Amino acid sequence: MANIGIDFALLNNRLNGSIDIYNKNTRGILISLPAPLEHGTSTVPNQNAGEVNNKGFDLDLHWNDKIGKVSYNVGFNMGFVNNKVTKFQGDVSSISGVYKTQEGKPINQLYVITVDRIVRDQADLDYVQSLVDHNPDYFATYQRPELGDFLYRDANGDGKLDTPVIAWKLATAPYRD
């Protein structure tokens, strides 16, 4: 861990504060690891096996003064942290609700898929087929939708469904490009 901090007081102690810059590696984060196939559908107890790197800074400022007989103190603080999972399950990710944990990414990043439309009729099925005709691997990650299923939107425009986004939108009417 590297942590550099400065505390200061200026103008007869009316302005005081602190600045901290840090880079911390945390080991032993409690995570859920997958169960071996031999265990069937059972779960494995959470283990202290994850590691995360946190880099950031904190700023704290206060102004203390007096007007006549009235004393006052005004404060401001802010911080910024950027974290990255450095050890988890290799290339395997874990999704819990709308949060995903994966090595090389921020811990508990939002993982939400945008719904383009509900496949309602033959025109929608034809659109699904046109996606497959353009790229046979379009539905390699998610199942090819049938009538009544959600059709997820290609979030990054690479021609296949493989990257989630951080917004959820369910079209009330079919969306057509």
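Biologist: Leaving aside its neighbours within four places in sequence, which residues is serine 71 in contact with?
Modeller: This is a predicted model. In it, serine 71 sits in strand β4, which covers residues 70–87. Once neighbours within four places in sequence are set aside, the residues in contact with serine 71 are Asp65 and Lys66.

Biologist: Does serine 71 count as buried or exposed?
Modeller: A residue is called exposed when its relative accessible area is over 50%. Serine 71 has 55% relative accessibility, so serine 71 counts as exposed.

Biologist: How many helices and strands are in the chain, and what pattern do they follow along the sequence?
Modeller: The chain holds 1 helix and 9 strands. Read along the sequence, their pattern is β-β-β-β-β-β-β-β-α-β.

Biologist: What distance does helix α1 reach from its first C-alpha to its last?
Modeller: Helix α1 runs over residues 122–134 and has 13 residues. At 1.5 Å a residue, 18 Å is expected. The model comes close to that, with a reach of 18 Å.

Biologist: Why are the buried residues of α1 on the same side of the helix?
Modeller: The buried residues in α1 are Asp124, Val128, Leu131 and Val132. They lie on the same side of α1 because they cover an arc of only 100° around the axis.

Biologist: Which strands are included in what covers the buried residues of α1, and which exposed residues are on the face turned away?
Modeller: The cover over the buried residues of α1 includes β8 (115–118) and β9 (150–152). The face of α1 turned away from its buried side carries the exposed residues Gln122, Asp133 and His134.

Biologist: Where does proline 136 lie, and what separates its C-alpha atom from that of lysine 160?
Modeller: Proline 136 is in the loop between α1 and β9. Its relative accessible area is 66%, so proline 136 is exposed. Proline 136 and lysine 160 are 24 residues apart along the chain, and the separation of their C-alpha atoms is 8.9 Å.

Biologist: What is the phi of leucine 11, and what is that of asparagine 12?
Modeller: Leucine 11 is found in the loop between β1 (2–10) and β2 (15–31), and asparagine 12 lies in the loop between β1 and β2 as well. Leucine 11 is partly exposed, at a relative accessible area of 49%, whereas asparagine 12 is exposed, at 77%. Leucine 11 is not a glycine, yet has a positive phi of about 55°. Asparagine 12 is not a glycine either, and has a positive phi of about 55°.

Biologist: How do tyrosine 138 and phenylalanine 139 pair, stacked or edge-to-face?
Modeller: A search of the whole structure finds 3 aromatic pairs. One of them joins tyrosine 138 and phenylalanine 139, with 4.8 Å centre to centre and 75° between the planes. Planes over 60 degrees apart count as edge-to-face. The pair of tyrosine 138 and phenylalanine 139 is therefore edge-to-face.

Biologist: Which residue lies over the face of tyrosine 127?
Modeller: The distance from the ring centre of tyrosine 127 is 4.2 Å. The residue over that face is arginine 117.

Key
Residues are numbered from 1 along each chain as its sequence is written. This is a predicted model: local features need pLDDT of at least 70, side-chain atom pairs count only at pLDDT 80 or more; totals for chains, interfaces and linings use all residues. Side-chain values use heavy atoms; hydrogens and water are left out. Rings of Phe, Tyr and Trp (its six-membered ring) pair if their centres lie within 6.5 Å; planes under 30 degrees apart count as stacked, over 60 as edge-to-face and the rest as tilted. A charge sits over a ring if NZ of Lys or CZ of Arg is within 6 Å of the ring centre and within 35 degrees of the ring normal. Helices (H or I, at least four residues) and strands (E, at least two) are DSSP runs, numbered from the N terminus. The expected span of a helix is 1.5 Å times one less than its number of residues. Buried means under 20% relative accessible area, exposed over 50%, partly exposed in between (1.4 Å probe, protein chains only). The arc is that of the directions from the helix axis to the C-beta atoms. Contact means heavy atoms within 4.5 Å.
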